[in-house]
Amino acid sequence: AAVGAAPGAAAKAPAAAPVAPPSREAPAAPARPAGREKPSPERYAAMRRAIAAAMAKSKRQIPHYYLTQPIDLERALTWLEARNLERPITERVLPAALLLRATVQAIAEVPEMNGFFRDDGFAPSAAVHLGVGISLRQGGLIAPAILNAQDQDLLALMTSIKDLVARTRTLQLRSSEMSEATITVTALGDQGVESVYGVIYPPQVALVGFGKVVARPWAVDGLLGVRRIVQATLAADHRASDGHTGGLFLAAILDRLQHPEEL
């Protein structure tokens, strides 16, 4: 799954990433048996057309700006590894959940990233319906939402991620999960890329990308060592925010990941 995956070699210029759910008018996909996950060629072609239409509209109408921030994950991952040793294997938390939880908490500090741009104005959302980019085994990427993610702690969010991935891949999503995302997170780290520059799904105003976690030389308190680093990127709508606000948002994500015990 491209669930909050991490970026690879940083691109020199922003490139469109096919991160979007089907068109807002489309009904939820009906439930299907787990053994019949692969859609027909016609259904797959329709999904690709819906993604293409949404992304083309986004690039035509939304003045994107892009920011990137390297984040030291060493403390967060060390903390997570210690906590996971205390849990059964089936209840262990993946690093992706840390990234998503930090994003949700950062929204509380910078709410300008969460909501919709409609009727020539930005409408913030009190609820965080967190769109998560999920790759389909037969190809394609959609971003259904974890509804009311602000009410879920780290363990609950991990459970929601696993449930959402399973139901996405068996085409059992609810219409609200496909239409109500207020911000999207995508991660392509499992594909080996270090940076991902996404395309905002309208009427949302922001998309956060995380890349591959890589070991790099990193100075801490004046001492050079090797730390695990992830590249976080932000694609945001310049009509709803500016680079200063976007920078505060990425800084808030970074800060949250330095205090994993508070996630």
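I counted the secondary structure first: the chain has six helices and 11 strands. These are DSSP runs numbered from the N terminus, with helices being H or I of at least four residues and strands E of at least two. The model is predicted, so I kept to its limits: local features need pLDDT of at least 70, side-chain atom pairs count only at pLDDT 80 or more, and totals for chains, interfaces and linings use all residues. Residues are numbered from 1 along each chain as its sequence is written, and side-chain values use heavy atoms, without hydrogens and water.

**Whole chain.** I looked up burial. Of the 263 residues, 51% count as buried. Buried means under 20% relative accessible area, exposed over 50%, and partly exposed in between (1.4 Å probe, protein chains only). I then checked contacts, meaning heavy atoms within 4.5 Å. Among those between residues at least 6 apart in sequence, 73% join residues at least 24 apart.

**Helix H6.** I took residues 243-257 next. The helix has 15 residues and reaches 21 Å from its first C-alpha to its last, close to the 21 Å expected. The expected span is 1.5 Å times one less than the number of residues. I listed its buried residues: Thr245, Gly246, Phe249, Leu250, Ala252, Ile253 and Leu257. Seen down the axis of H6, they fall within an arc of 150°, so they line one face of the helix. The arc is taken from the directions from the helix axis to the C-beta atoms. I also noted what this face packs against: strands E1 (64-72), E8 (183-187), E9 (206-210) and E11 (223-237), plus helices H2 (74-85) and H3 (95-109).

At the N-terminal end of H6 I found a cap. A side-chain oxygen of aspartate 242 lies 3.2 Å from the backbone nitrogen of histidine 244.

**Leucine 254.** This residue sits in H6. Leaving out residues up to four places away in sequence, leucine 254 touches Gln69, Pro70 and Ile71.

**Threonine 233.** I moved on to strand E11, where threonine 233 lies. Threonine 233 is buried, at 2% relative accessible area. Its side chain reaches the backbone oxygen of valine 196 at 2.4 Å. Beyond four places in sequence, I listed the contacts of threonine 233, among them Leu67, Thr68, Tyr197, Leu207 and Leu250. Leu250 is also one of the buried residues of H6.

Technical notes. Polar contact = N/O pair within 3.5 Å; in protein donor to acceptor, adjacent residues only side chain to side chain.
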